[in-house]
Amino acid sequence: MNRFKYNEDKIKESLKHMPKIKDDLDKDHLYQRISSEVNQPEKSHTKKRFAFAPVMSAVIAAAVLLLLVPLFINDTMVQDNSDRSLDQALDKTISNESSDAGEEAGSSTESNGEAGETVLMTDKSDSHVIQETGDNDMMIHGAVADLQGQYIIPLSLVVSDSVEKEQFYGEIGDHLDEEAWGLSDYMFSDVDVQLDVSNQQAQIDLPEDFSPVKNGSLEVSLFEDLLAAMFLPIQVDHVIFSRPVNLGQIGTVKELPLQPTKNIYKHYQVPESERGFLVQVPIDDQAGFETALSEMKRDEEEFNVSGTIPESADFSVQENGSQLQVDFTNISGDGEILTTMIDAILMTAKSFGYEDVLFSNLPDDNINSYDLSAPVRVPEGVNPITPE
Amino acid sequence: MEAVFEKFYENYHNDLYQFVFYMVKDKETCEDLVQEVYIKVLKSYHSFKGESSEKTWLFSIARHITIDYFRKQKRKRIAGFFDWREHGELIKDQNPLPEEITVQNEMISNVYRYLDKCTPEQKSVLILRYIQSFTIQETADILNVSVSKVKTTQHRGLKKLQTYIHSEQQEGGDAE
């Protein structure tokens, strides 16, 4: 038995043998305190909320189904119907969307499959992007590394904008199944974040023992890139730490400027995983978009990364201000392959600073709800994560 | 109302108290939160449809209340960001170890102490799974997550405890 397994078993045994803590509560005294509270008239808003919760939840769920499909994935603590009324009374951050939103992003389309918005995540069962959030939503950008610590996998968590954004940065990891998906552990589970968007900075409260220097410089570089993936999308380009952080060769720092980099997007999926992700692959700052597209054809099997543009595809690129035109020839592939390609090209274009992409000469003008007869806006987020 | 209280108290009070205590590790806070749990139970028992067991339902309420408590504590801490050290001490396990823990072996004391290094979700899983002996499915039902999520969270929590205890052991070894 290896050392760690031995320690884990000892820890489990210790937990099982945690002693009973003496309960000093007197039963009758407890009941008196409880009954006086229960018998007190409730505050009207609480009572009203409580009394109408089941009806309100049904109404809101219907509204969401009809109008605001992205809200299916906005709840951070979506509950079954049987718990809904109780949860509303218990937790202000719980919204009353359908329990269908308890599925992961990749599979939520199977249960929802709503028509209407053509560019929303839930209409694109194979899509890796979120085109835009709904009016009452906001997006939390997270990031993890692949298992080998080679590339950054940006993540997008869509939640209701009625709650504080900051609380979700520490919670993203709770919505990931890193082991099943072949991801490194989310690095920021124990951090607190305070955003100061007007000053384009974030204040990060790290645990005392936090250190990105574990395997030498590799982790440090990842640390910076992870922060960049999380905060640059919201125009935060500077992070301040609650205490100095050892960044290896860089030294010990209390703040860190975040640098945007040009990335192409390829596909990452470990063999055992049920889902794949678009992964950021850095490319030279001077590289043009045609070079980027060529590079996107290349597989990197040793890192479980595959190209997102078919090897046989030819293309030409025209840049027109903030719009990119990509003209294909000799392109073929099924819906899933083409959707991933479009997703990856859009995200790459976004990384290069473009706002729209016009695709030409693809097999169909409508691929998995992308309307390719017009320029497609670059997505707001990538690799959607659905809170359970 | 009293009948409902009696039923829950007789059947589940000890387990409930232990769960809440190990989550918050402070008796006074534990008593307040246990009281809140009973209040919620009594106020909403009429809407309990019996789709889960009473125990699962009760612990689901308890879990919500403790997580809410942690969020409120966190908001207090974030609000006083530049004084976080001062407020941080309120969150960190500065309470003396309960007597029931101090008389145990060093490993148990360490595990107790380092439970606070886990996230509330990890702590919930570890307490439900190992201290309360719930099955993975029961834990998943209480937390309203998938079985797979319970396993992942459990693994991460155990790994975190391992890391801290291992460091503690290393330091102890170096000191010798």
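The questions and answers below go through a predicted model, from its chains down to single residues.

Biologist: How are residues, chains and ligands numbered or lettered here?

Modeller: Residues are numbered from 1 along each chain as its sequence is written, while chains are lettered from A and ligands numbered from 1 in the order in which they are written. In this predicted model local features need pLDDT of at least 70, side-chain atom pairs count only at pLDDT 80 or more, totals for chains, interfaces and linings use all residues, and side-chain values use heavy atoms, with hydrogens and water left out.

Biologist: How many helices and strands does chain A have?

Modeller: Helices (H or I, at least four residues) and strands (E, at least two) are DSSP runs, numbered from the N terminus. By that rule, the secondary structure of chain A comes to 9 helices and 18 strands.

Biologist: What pattern does chain B follow along the sequence?

Modeller: Chain B has 9 helices and 0 strands. Read along the sequence, its pattern is α-α-α-α-α-α-α-α-α.

Biologist: What percentage of the 176 residues in chain B is buried?

Modeller: Buried means under 20% relative accessible area, exposed over 50%, and partly exposed in between (1.4 Å probe, protein chains only). In chain A, 55% of the 388 residues count as buried. For the 176 residues of chain B, the buried part is 55%.

Biologist: Is Lys159(B) buried or partly exposed?

Modeller: Lys159(B) sits in helix 9 (residues 147–175) of chain B. Its relative accessible area is 36%, so Lys159(B) is partly exposed.

Biologist: How far apart in space are Lys159(B) and Cys118(B), C-alpha to C-alpha?

Modeller: In sequence, Lys159(B) and Cys118(B) are 41 residues apart. In space, C-alpha to C-alpha, the distance between Lys159(B) and Cys118(B) is 9.5 Å.

Biologist: Which residues does Leu183(A) touch, not counting residues up to four places away in sequence?

Modeller: Leu183(A) is in the loop between helix 6 and strand 4 of chain A, and it is buried, with a relative accessible area of 4%. Contact means heavy atoms within 4.5 Å. Leaving out residues up to four places away in sequence, Leu183(A) touches Val144(A), Ala145(A), Leu147(A), Ile153(A), Glu178(A), Tyr268(A) and Phe277(A).

Biologist: Are helix 1 and helix 2 of chain B oblique or parallel to each other?

Modeller: The axes of helix 1 and helix 2 (residues 27–44) of chain B come within 9 Å and cross at roughly 140 degrees. Axes are lines fitted to C-alpha atoms, for helices over the stretch in contact, and angles run from 0 to 180 degrees between N-to-C directions. Angles under 35 degrees count as roughly parallel, over 145 as roughly antiparallel, 65 to 115 as roughly perpendicular and the rest as oblique. Helix 1 of chain B is therefore, relative to helix 2 of chain B, oblique.

Biologist: At what angle do helix 2 of chain A and helix 1 of chain B pack?

Modeller: The helices concerned are helix 2 (residues 27–39) of chain A and helix 1 (residues 2–24) of chain B, with their axes 12 Å apart. They are oblique to each other, and the packing angle is about 135 degrees.

Biologist: How do the residues of that contact of helix 2 of chain A with helix 1 of chain B divide?

Modeller: Lys27(A), Leu30(A), Tyr31(A) and Ile34(A) of helix 2 of chain A meet residues of helix 1 of chain B, including Phe5(B) and Tyr9(B). Ala, Val, Leu, Ile, Met, Phe, Trp, Tyr, Cys and Pro count as nonpolar, Asp, Glu, Lys and Arg as charged, and the others, Gly among them, as polar. The contact divides into 5 nonpolar, 1 polar and 4 charged.

Biologist: How many aromatic pairs are there over all chains?

Modeller: Rings of Phe, Tyr and Trp (its six-membered ring) pair if their centres lie within 6.5 Å; planes under 30 degrees apart count as stacked, over 60 as edge-to-face and the rest as tilted. Over all chains the count comes to 25.

Biologist: How many degrees lie between the planes of Phe188(A) and Phe223(A)?

Modeller: Phe188(A) is buried, with a relative accessible area of 1%, and Phe223(A) is buried, at 0%. Their pair is tilted, 6.0 Å centre to centre, and the angle between the planes is 35 degrees.
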